[in-house]
Amino acid sequence: MELKFRATILQNGNMDAAYVEVPYDIKELFGKGRLLVNATFDGIPYRGQVVKMGTPCYIIGVTRQIRRQIGKSFGDTVEVVLQERDSEEAPLWKCPKCGKTFQKKGQSHFCGEKPENIDAYIQCQDPDKQEALQHIRQILRSALPEAEERISWSMPTYWKKHNILHFAASKGHIGLYHHTLRRNSRTTRPIRGRSVSLTAGLMTR
């Protein structure tokens, strides 16, 4: 089913965000409260969804990029066409070197077999990163003298009863990834924590 209508581009509060109201009862027409659609705004294609976001009627967002392409902004009228699309997942990106698959195209990862130890991991990295990786390793050894060095998640890891900290080289930075412990009535287990990026020797959170 294809829906066509003209609508005014509305601003979302004081933000640089916009939407148009959809003059149809989506649940009555399609039997669902959220509709994935292939849309066009003045002929410019867009993949989005029609929903109710605390609004009295259904809406669909109009991105900044779309507004730039059609040369329109808040208060302008736009021609909208909506067509339901399948809820298929986006295809995974496959690394051409190692064959691993990821949601994000070009995802940075360790490309190859799992290294046996941290020395092997560092030797596999680009020469311009090896010195920085060795420096980080020395710092972590001093800070965590009782922790065991091992490879986990294909990354250098410091372990003492659980994974404490990983570090890894990416294309433009070296990342640190620490674990915290989640406690409940049945188990205590490590979970992935936030990352810290090091670029040119500087640490930023």
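View 1. Buried means under 20% relative accessible area, exposed means over 50%, and partly exposed is in between (1.4 Å probe, protein chains only). Helices (H or I, at least four residues) and strands (E, at least two) are DSSP runs, numbered from the N terminus.

A word on the model before zooming in further: this is a predicted model, where local features need pLDDT of at least 70 and side-chain atom pairs count only at pLDDT 80 or more, while totals for chains, interfaces and linings use all residues. Residues are numbered from 1 along each chain as its sequence is written, and side-chain values use heavy atoms, with hydrogens and water left out.

**View 2. Val20 and its neighbours.** Leaving aside residues up to four places away in sequence, Val20 touches Ala7, Thr8, Ile9, Phe41, Tyr58, Ile59, Ile60, Val62, Val78 and Val80. Contact means heavy atoms within 4.5 Å.

**View 3. An open sheet of 4 strands.** The strands line up in the order E1-E7-E4-E5, with antiparallel pairing. Strand E1 (2-8) and strand E5 (44-50) sit at the edges, each pairing on one side only. Two strands count as paired if DSSP finds at least two bridges between them. On average, neighbouring strands of this sheet are turned by 30 degrees against each other, direction ignored; axes are lines fitted to C-alpha atoms, for helices over the stretch in contact, and angles run from 0 to 180 degrees between N-to-C directions. Look at E1 and strand E7 (residues 77-84): they run antiparallel and are joined by 7 bridges. Arg6 stands opposite Glu79 in E7.

**View 4. A salt bridge between Glu84 and Lys32.** The closest N and O atoms of this pair are 2.9 Å apart. Glu84 lies in strand E7 and Lys32 in the loop between H1 and E4, so the pair links distant parts of the chain, 52 residues apart. Both ends are partly exposed: Glu84 has 35% relative accessibility, and Lys32 has a relative accessible area of 33%. A salt bridge is a side-chain nitrogen of Lys or Arg within 4 Å of a carboxyl oxygen of Asp or Glu, and the whole structure has 12 of them.

View 5. Arg137, in helix H4 (residues 127-143), is buried, at 6% relative accessible area. Not counting residues up to four places away in sequence, Arg137 touches Ile118, Asp119, Ile122, Glu149, Tyr158 and Phe167. Salt bridges link Asp119, Arg137, Arg141 and Glu149 in a network. Within it, the side chains of Arg141 and Glu149 meet at 3.1 Å, N to O. Arg141 is partly exposed at 44% relative accessibility, and Glu149 is partly exposed at 25%.
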